[in-house]
Amino acid sequence: MTFVRPARRVLIAAASMSALFVAAACGGGGGGGAPAGGGSSAAAADFTKQGDTEFWAGKDTSGNTQNLIDQFNAQHPNGKVTFHELPDNADQQRQQMVQNAQIKNAKMGVVSMDVVWTAEFAAKGIVEAMPPDVSTAGMLKPTVDAATYFNKLYGLPSTSDGGLLYYRKDLLDKYGLKPPTTFDEMKAACDKITAGEKDSKLGCFAGQYNKYEGLTVNFDEAVHGAGGVIVGDDGKPNVATPEATKGLSTLVDWFKDGHIPKAAITWQEENGRTAFQHGELIFHRNWGYVYNHAASDKDSTIKGKFDVAPLPGITGPGVSSLGGHTFAIAKYAENKGTALDFLKYVSSPEAQKSNTLATSNSPVLESLYSDPDLIKKFPFMPIQLKSIQTAKPRPKAVEYGDVTLAIQDAAYGALQGQTQPDAALQALQAKLQTLIK
Amino acid sequence: MATATAEPRSLPATGADGHKHKKNALSDGQGRLAWILLAPTLIIIAVVAGIPVILSFWESFHQTNSGVDPTTGLVAGGSKFVGLQNFTDIFAGANPVTGSYGTMDRFWNAFLNTTFITIVCVLLETVIGVAMALIMAKAFRGRGLVRAGILVPWAIPTIVSALMWKLIFDSSGIMNRILGREILWLADSGASFWAIVIADTWKTAPFIGLLTLAGLQTIPAEVYEAAKVDGATTWQQFVRITLPMVKPALVVAVLFRTLDTLRMFDLPYGMIGAGKYRVETLSVFAYQEASQSRYGPAAAYAIVLFLYVLLVAFLFVRVLGAEVIGDADVQKKKKKKGERPPEEARVEAVMGEAIGGAH
């Protein structure tokens with residue numbers, strides 16, 4: 001009897017404790033019901049107040065962000081900037097910025113926005129529209145467009161990015177081939193090379209097809225490269241078209257016949273880069289950062305054997321999805337004057353150049369793409385410029401998270417062979433019509 | 001109450017009339033002291049558990065305003081009271097996705113994933129955990145090493161083991177090399193489900209093993225000796241002696257694991273990734289909704305999960321727990337005296353213990 005009661009109590013307590021933690025854990029996330037504060041009734045922001053503020057951005061892997069902040073602080077006595085380093089993961093960065101806007105964190109001064117967050121951050125009043133005297137002269141047009149929402153500029157572009165086609169120059173030269181401009185040419189080149197090399201490990205082509213933001217990027221490029229659109233010029237979704245179907249079904253076919261390795265359905269940027277560096281791919285779609293790795297990493301087996309070309313198209317010219325970041329001023333920042341000064345400072349040609357040299361992120365100032373120092377270190381700069389100039393943005397939407405998930409649902413199902421491409425796109429069109437109005 | 005305030009300094013009564021004091025515990029002059037001593041604990045529980053739970057319930061009756069102003073493009077912000085709409089929306093089926101069980105609402109897909117992952121994982125973990133405990137209980141050379149080795153997985157944080165298994169289950173990872181074939185574990189396929197099961201079993205079977213070992217060590221050796229004298233086989237000893245005697249400890253361990261697995265988040269999210277409907281659990285779904293600023297629905301899903309966990313826990317206590325106390329004596333006495341509490345009172349007791357047991 002004395003044993004019975006405690007045993008039962010332990011059971012009940014254990015049961016209840018676990019149950020409670022569920023609710024309590026979610027209360028933390030859901031409890032913050034403070035209004036996000038829309039901007040519709042906001043008074044004009046004060047961009048003169050000087051004082052200490054913080055710069056919020058992802059992990060500083062090169063160490064150059066701190067350098068730039070130190071240089072700025074040395075010449076700006078009225079207010080210092082400190083670096084608030086966020087995780088490497090973009091979703092976590094976004095979440096922290098959204099949450100700190102909800103609690104109206106006055107210290108969050110300048111935030112580094114991914115290009116796809118502009119609509120959400122602007123509409124939900126997380127960032128402030130730029131004052132009229134801020135100039136975007138000399139900046140690449142797609143990057144400025146990406147920072148614009150409802151004809152208002154919400155930040156200054158800081159870095160840009162476009163997709164590139166990495167290819168094995170040694171193999172193409174060996175078989176007398178030129179870098180392909182279309183998927184058909186690429187397939188023909190692959191067939192010729194694999195027939196000659198007889199290397200079962202050598203795959204043809206891969207991009208990023210795991211179910212994450214990279215799939216949205218690659219799907220958009222396939223659709224645009226086939227002459228289709230996701231969202232038309234009128235701002236209405238228009239993805240259930242023969243062109244878009246052609247784009248998606250090309251990727252599906254390439255998966256089916258093995259020109260894209262089966263494993264690529266689980267690949268993100270790093271998996272593909274590793275495969276390319278280990279000589280397992282002839283062609284690879286990736287961002288600019290791969291160049292340095294493939295050229296100088298210890299485990300790279302293709303040093304000096306690869307080169308970069310513009311992305312191939314499916315029926316038309318290749319079109320990249322636009323990447324990159326925009327620096328914006330948080331709506332609830334207390335010292336917006338210092339924040340604005342910092343923003344202007346990091347947009348200067350000198351800061352842009354030092355950042356590109358240190359991080360290999362592409363600059364947003366067009367003039368830097370012909371800078372001799374940069375071209376010496378990154379010989380693909382002119383190709384990158386063309387990629388960015390012709391790049392198309394991913395759909396602009398306040399609920400971008402829902403839009404990108406809808407795109408990923410459609411593309412992933414089709415690539416896995418669970419749905420037909422045209423059916424997948426019709427479902428996507430219906431879904432996008434409810435999300436983008 | 002009047003007596004309590006009127007005679008705060010009255011001397012504590014002697015043990016002679018202790019019976020009387022039990023009936024009127026608040027007025028014996030110690031009630032206030034008890035409250036004072038308990039206050040810090042109660043306040044901490046209220047702050048870290050009570051308030052978040054209440055806020056979570058409150059949040060689940062609200063929705064964030066999401067309408068976009070067509071001229072400025074801005075969202076009004078704030079939230080509005082919607083009553084039970086977040087809960088009724090679960091049954092509206094407005095968000096169909098295709099997972100392992102055909103096309104259905106994302107909530108129910110996550111609900112089924114959660115349920116099936118829990119059933120499969122806990123079954124495997126129990127079998128393997130008991131086996132581990134039997135091994136750990138034996139006296140042999142290097143027993144300390146084996147015990148420590150078995151417990152290593154339990155000591156690794158789940159999110160770390162999720163990333164570790166992600167490498168193992170990579171398309172060119174160790175698992176595929178051992179199997180000699182290319183299984184796409186991380187591609188939101190049927191294999192993803194088993195990847196989760198394997199990783200979870202690996203990590204938490206030692207937990208069941210540990211608690212079972214504690215139970216094993218309370219079984220006196222004489223029982224086995226007597227069984228041997230009577231000519232019982234090893235299997236008979238296991239089924240007739242070990243299992244019944246270790247059951248109280250094992251039931252607690254299994255209950256813990258069940259409730260924990262129902263809340264699984266790290267493994268699917270860290271290893272397979274978000275938006276993979278074949279392994280999306282309720283916790284992951286609620287998290288995803290919250291990260292889309294839909295706090296109301298997210299809170300509603302979390303509360304449904306909370307009730308689900310509570311229900312499972314209740315069933316455990318009723319079905320398995322009843323056997324723990326399952327000697328006829330107790331039952332008879334209760335029936336005679338008519339002390340058996342009505343069902344509602346029992347539920348209340350569980351709820352009450354929820355707050356008491358949390359910390």
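**Note on the predicted two-chain model**

1. A buried charged pair comes first. A:Arg94 and A:Glu120 are both buried, where buried means under 20% relative accessible area, exposed over 50%, and partly exposed in between (1.4 Å probe, protein chains only). Their side chains meet in a salt bridge, at 3.0 Å from N to O. A salt bridge here is a side-chain nitrogen of Lys or Arg within 4 Å of a carboxyl oxygen of Asp or Glu. A:Arg94 sits in helix α3 (residues 90-102) of chain A and A:Glu120 in helix α4 (residues 118-123) of chain A, so the pair ties together parts 26 residues apart in sequence. Helices (H or I, at least four residues) and strands (E, at least two) are DSSP runs, numbered from the N terminus.

2. Conventions. This is a predicted model, in which local features need pLDDT of at least 70, side-chain atom pairs count only at pLDDT 80 or more, and totals for chains, interfaces and linings use all residues. Residues are numbered from 1 along each chain as its sequence is written, chains are lettered from A and ligands numbered from 1 in the order in which they are written, and side-chain values use heavy atoms, with hydrogens and water left out.

3. Confidence. The model scores ipTM 0.85 and pTM 0.84. Chain B averages a pLDDT of 83, and 81% of the residues score at least 70; pLDDT is the predictor's confidence in each residue, from 0 to 100. Over residues 1-21 of chain B, pLDDT stays under 50, and the model has 5 contacts for them beyond four places in sequence. Over residues 322-359 of chain B, pLDDT also stays under 50, with 40 contacts beyond four places in sequence. Contact means heavy atoms within 4.5 Å. Where pLDDT is low, the predicted coordinates should not be read in detail.

4. A pair within one helix. A:Lys141 and A:Asp145 form a salt bridge at 3.0 Å, N to O. Both lie in helix α5 (residues 141-146) of chain A, 4 residues apart, about one turn of the helix. An α-helix has 3.6 residues a turn, so residues three or four places apart point the same way. A:Lys141 counts as exposed, at 59% relative accessibility. A:Asp145 counts as partly exposed, at 35%. In chain B, salt bridges that share partners join B:Glu125, B:Asp200, B:Arg257, B:Asp260 and B:Arg263 into one network.

5. Nonpolar cores. A nonpolar core is a set of buried Ala, Val, Leu, Ile, Met, Phe, Trp, Tyr and Cys residues joined through side-chain atoms within 4.5 Å. The largest has 133 residues; A:Phe55, A:Val111, A:Phe205, A:Tyr209, A:Phe219, A:Phe283 and A:Leu428 touch the most other members. Helix α16 (residues 400-415) of chain A gives the most to this core, with 9 residues. A second, separate core of 41 residues includes B:Phe87, B:Tyr224, B:Val312 and B:Phe316. Beyond four places in sequence, A:Phe219 touches A:Ile230, A:Val239, A:Leu248, A:Ile407, A:Ala411, A:Leu425 and A:Leu428.

6. Covered sites. In helix α12 (residues 336-346) of chain A, 9 of 11 residues are buried. Among them are A:Leu340, A:Phe342 and A:Tyr345. A:Gly58 lies in the loop between β1 (53-57) and α2 (64-74) of chain A. A:Gly58 is buried, with a relative accessible area of 16%. Beyond four places in sequence, A:Gly58 contacts A:Phe83, A:Glu85, A:Leu86, A:Pro87 and A:Gln93. In chain B, B:Gln288 is in helix α13 (residues 282-291) and is buried at 18%. B:Gln288 touches B:Arg106, B:Tyr269, B:Ala274 and B:Glu280, leaving out residues up to four places away in sequence.
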